[in-house]
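Trainee: Let us go through this structure with a few quick questions.

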Amino acid sequence: MGIVAGLDSSPDFTRIVVCDADSGAVLKQGYAPHPLESGEGGGRPADVDPQAWLLSLGEAAGGGLLEGVQAIGVSSQQNALVPLDSQGNTVRPAMPGGDKRTQAAAADLIDRLGGREEWAQAVGCVPQAMHPVTKLRWLARNEPEAAQRVALVLQAHDWLVWQLLGRPSRRTTDRGGASGTGYWSAASGSYRPDLIELALGHQTMLPEVLGPGDAAGTTPEGLIISAGTGETMAAAFGLGVRQGDAVVSLGASGSVMAVHHEALVDPSGMITSLADATGMHLPVVHTLNAVRALRGTADMLGLSGIEELSDLAMKSTPGSHGLVMLPYLEGEKTPNLPHTAGTLSGLRRESMKPEHLARAAFEGMLCGLGDAMDVLRARGVEVRRIFLLGAAAELPAVQAAAPMLFGTQVVVPQPADYAALGAARQAAWALNGQLPQWQGAAAQVLEPGEELPVGQAVRQQFTAVREQTHPGAFDSAMA
């Protein structure tokens with residue numbers, strides 16, 4: 001029984017949903033943008049004052065939105081490092097998710113520990129520019145005075161939970177958020193303080209890692225604040241994914257995430273081993289090229305956007321008349337080919353038509369994500385159902401090709417703020433002491449049906465071109 005709220009503090013805005021704790025039905029919603037100045041070139045700022053997150057939260061909760069709420073869950077952007085001094089004040093602005101400044105620091109950390117395999121064994125991931133451990137290394141190298149003052153390291157959702165509780169002496173996080181830091185292992189369930197020292201040059205305090213369903217604390221007014229988690233874990237919880245499910249995300253880059261019963265250690269570094277918000281694990285494989293390959297093809301054909309590209313692709317047939325695109329336009333993570341370029345193969349007179357190129361772009365993007373899924377399957381991860389996320393998931397060309405190429409049922413959820421819903425579901429768990437059985441997301445369900453053999457043939461064609469162009473690229477991941 002009761003009423004709960006979930007707030008999602010994304011890089012650009014705060015969204016709040018107020019839900020019935022038993023059914024998950026949304027009762028009220030609030031929204032506010034973050035009051036942030038644009039960064040260089042009009043993009044997101046490289047550094048952010050965390051107070052902006054609180055201001056946005058306060059605006060989103062205005063008008064008595066939270067009246068009657070008994071528990072709150074917090075979801076927030078992952079990998080946003082908040083370094084604090086011994087008094088709990090920020091020693092510098094927070095460093096949000098992706099940060100190109102720290103790429104050299106990531107390479108430095110990999111070398112200092114002895115290579116990618118050492119990191120994969122230690123914490124289930126290889127340092128990248130986005131990881132908090134990498135940002136600590138950048139801080140030590142570029143702002144040493146600030147680095148010396150760091151006494152406590154939090155992430156965005158840790159900091160927001162701490163603020164909502166009135167900045168108590170106890171600082172907390174959850175398994176999901178901790179697993180993306182680069183200094184906590186999902187396999188062992190413990191921190192690696194030596195990696196903090198390797199990156200920053202000295203030890204710091206770290207937040208206590210709470211278990212699923214635990215509360216971080218209660219406000220003086222009696223409002224329960226749950227553990228909180230990262231956006232990825234909250235969205236998975238809000239969607240209601242379970243073992244046997246995978247989530248394919250179609251952004252400029254792509255990712256395949258699946259629910260698994262144990263943490264995976266991947267010496268190749270292709271799999272990032274995250275924990276989820278329920279006690280399970282979320283191994284993730286990323287691709288650098290997803291919707292950016294569609295946009296590039298649309299530009300090449302002089303089209304107005306990917307919607308028009310989809311309409312054109314629907315005039316072609318599966319297999320694109322033999323045209324195969326390896327969509328490695330920005331290099332690629334899966335397979336690990338950072339310095340390669342894309343490839344267009346199978347050019348014949350009959351295949352050199354705009355509709356076949358359009359279809360090849362969609363098939364190339366989805367086959368690349370199918371390769372990422374195969375990396376997980378090769379490690380024993382079961383995939384019986386796929387949730388397809390992102391605006392491109394609504395395109396007819398994606399929906400026509402995805403079930404046959406992935407070879408399983410594809411679910412396209414209706415648009416919703418699943419991260420905020422997942423945060424609210426976590427709040428209901430903390431309030432009532434048991435995992436709430438909320439109804440899953442409303443969705444369109446697509447089956448491969450009779451086209452499954454056709455999809456397998458297209459995948460085989462893609463694989464043959466990939467192996468001919470980049471022989472052995474997947475050998476280590478599939479071993």
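Mentor: A definition to begin: helices (H or I, at least four residues) and strands (E, at least two) are DSSP runs, numbered from the N terminus. This is a predicted model, where local features need pLDDT of at least 70, side-chain atom pairs count only at pLDDT 80 or more, and totals for chains, interfaces and linings use all residues. Residues are numbered from 1 along each chain as its sequence is written, and side-chain values use heavy atoms, with hydrogens and water left out.

Trainee: In which loop is L347 placed?

Mentor: Look at the elements on either side of L347: β19 covers 343-345 and α12 covers 354-377. L347 is in the loop between β19 and α12.

Trainee: Are α2 and α4 roughly parallel or roughly perpendicular to each other?

Mentor: Helix α2 (residues 103-113) and helix α4 (residues 132-142) have axes 8 Å apart and pack at about 100 degrees. Axes are lines fitted to C-alpha atoms, for helices over the stretch in contact, and angles run from 0 to 180 degrees between N-to-C directions. Angles under 35 degrees count as roughly parallel, over 145 as roughly antiparallel, 65 to 115 as roughly perpendicular and the rest as oblique. The two helices, α2 and α4, are therefore roughly perpendicular.

Trainee: Where does P335 lie?

Mentor: The peptide bond from T334 to P335 is cis, with omega near 5 degrees. Most peptide bonds are trans. P335 lies in the loop between β18 (324-326) and β19.

Trainee: What is the phi of R167 near?

Mentor: R167 lies in the loop between α6 (156-164) and β7 (172-174). Its phi is positive, in a residue other than glycine, and is near 60 degrees.
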